[in-house]
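Here is a short briefing on one protein chain. Look over the sequence and the structure first, then work through the points.

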Amino acid sequence: MEHSNRWKAAALPLVAAVALILGLSACTQGEALGAGEEEVTSEATVEPVEGTELSKVTLTQRAAERLGIQTAQVRDAQVAAGKGKGAARKVIPYSAVLYDEQGDTWTFTSPQPLTYVRQTITLDYVQGGEALLLDGPPAGTTVVTVGGPELLGAEFGVGE
């Protein structure tokens with residue numbers, strides 16, 4: 001899937017918040033800078049994931065705290081009612097689900113602390129606050145439940 005300008009346009013409302021929260025452009029404390037000088041600091045680094053069109057977003061501890069990043073684990077469950085009656089499904093909090101402009105569904109996984117990678121998921125249905133998946137990360141995978149839109153803004157360079 002190609003990164004489109006519509007993703008960036010959809011994320012524009014987050015620009016100011018992400019820039020302020022992550023402190024993407026700030027003067028260092030206790031250091032005298034000359035007139036018109038500004039030291040750029042980045043609390044988020046974005047690196048391409050080899051072999052994909054995705055990127056890995058790595059935050060500093062401070063940035064993760066400022067964004068209020070929260071996570072949960074993917075779990076397996078037997079579906080007792082609904083579309084997949086009697087079937088096994090992967091379950092994540094619905095708050096971990098992101099939609100793109102084509103209606104495709106994604107979630108951010110956290111393969112290691114402070115590191116986040118967007119992963120496509122296939123949503124079966126939503127029940128209460130849970131998203132039941134036909135396809136997605138394996139049980140036990142950490143997914144982001146709070147802060148996903150901000151990570152998306154960082155991944156696509158919104159505000160740079």
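Helices (H or I, at least four residues) and strands (E, at least two) are DSSP runs, numbered from the N terminus. Two strands pair if DSSP finds at least two bridges between them. This is a predicted model, in which local features need pLDDT of at least 70, side-chain atom pairs count only at pLDDT 80 or more, and totals for chains, interfaces and linings use all residues. Residues are numbered from 1 along each chain as its sequence is written, and side-chain values use heavy atoms, with hydrogens and water left out.

**Confidence**
- pLDDT is the predictor's confidence in each residue, from 0 to 100.
- The chain has a mean pLDDT of 79, and 69% of its residues reach 70 or more.
- Over residues 1-41, pLDDT stays under 50.
- For that stretch the model has 62 contacts (heavy atoms within 4.5 Å) beyond four places in sequence.

**A hairpin**
- Strand 1 (residues 44-48) pairs with strand 2 (residues 55-59) in the antiparallel sense, over 5 bridges.
- Alanine 44 has leucine 59 in strand 2 as its bridge partner.
- The two strands form a hairpin with 6 residues between them.
- In the turn, glycine 51 has a positive phi of about 85 degrees.

**Nonpolar cores**
- A nonpolar core is a set of buried Ala, Val, Leu, Ile, Met, Phe, Trp, Tyr and Cys residues joined through side-chain atoms within 4.5 Å.
- Buried means under 20% relative accessible area, exposed over 50%, and partly exposed in between (1.4 Å probe, protein chains only).
- The largest core has 18 residues; Leu59, Ile69, Phe108, Tyr116, Val144 and Leu151 touch the most other members.
- Strand 2, helix 3 (61-67), strand 7 (105-112) and helix 4 (148-155) each give two or more residues to this core.
- Apart from it lies another core, of 8 residues, including Val74 and Leu133.

**Salt bridges**
- A salt bridge is a side-chain nitrogen of Lys or Arg within 4 Å of a carboxyl oxygen of Asp or Glu.
- The whole structure holds 6 salt bridges.
- One of them joins glutamate 43 and arginine 62 (2.6 Å, N to O).
- Glutamate 43 lies in the loop between helix 2 (15-22) and strand 1, and arginine 62 in helix 3, so this pair ties together parts 19 residues apart in sequence.
- Glutamate 43 is buried, with a relative accessible area of 8%.
- Arginine 66 also meets glutamate 43 in a salt bridge (3.7 Å, N to O).
- Arginine 75 and glutamate 130 form a salt bridge too (2.3 Å, N to O).
- That pair links strand 4 (residues 75-78) with strand 9 (residues 130-135), 55 residues apart.
- Shared partners join Glu43, Arg62 and Arg66 into one network.
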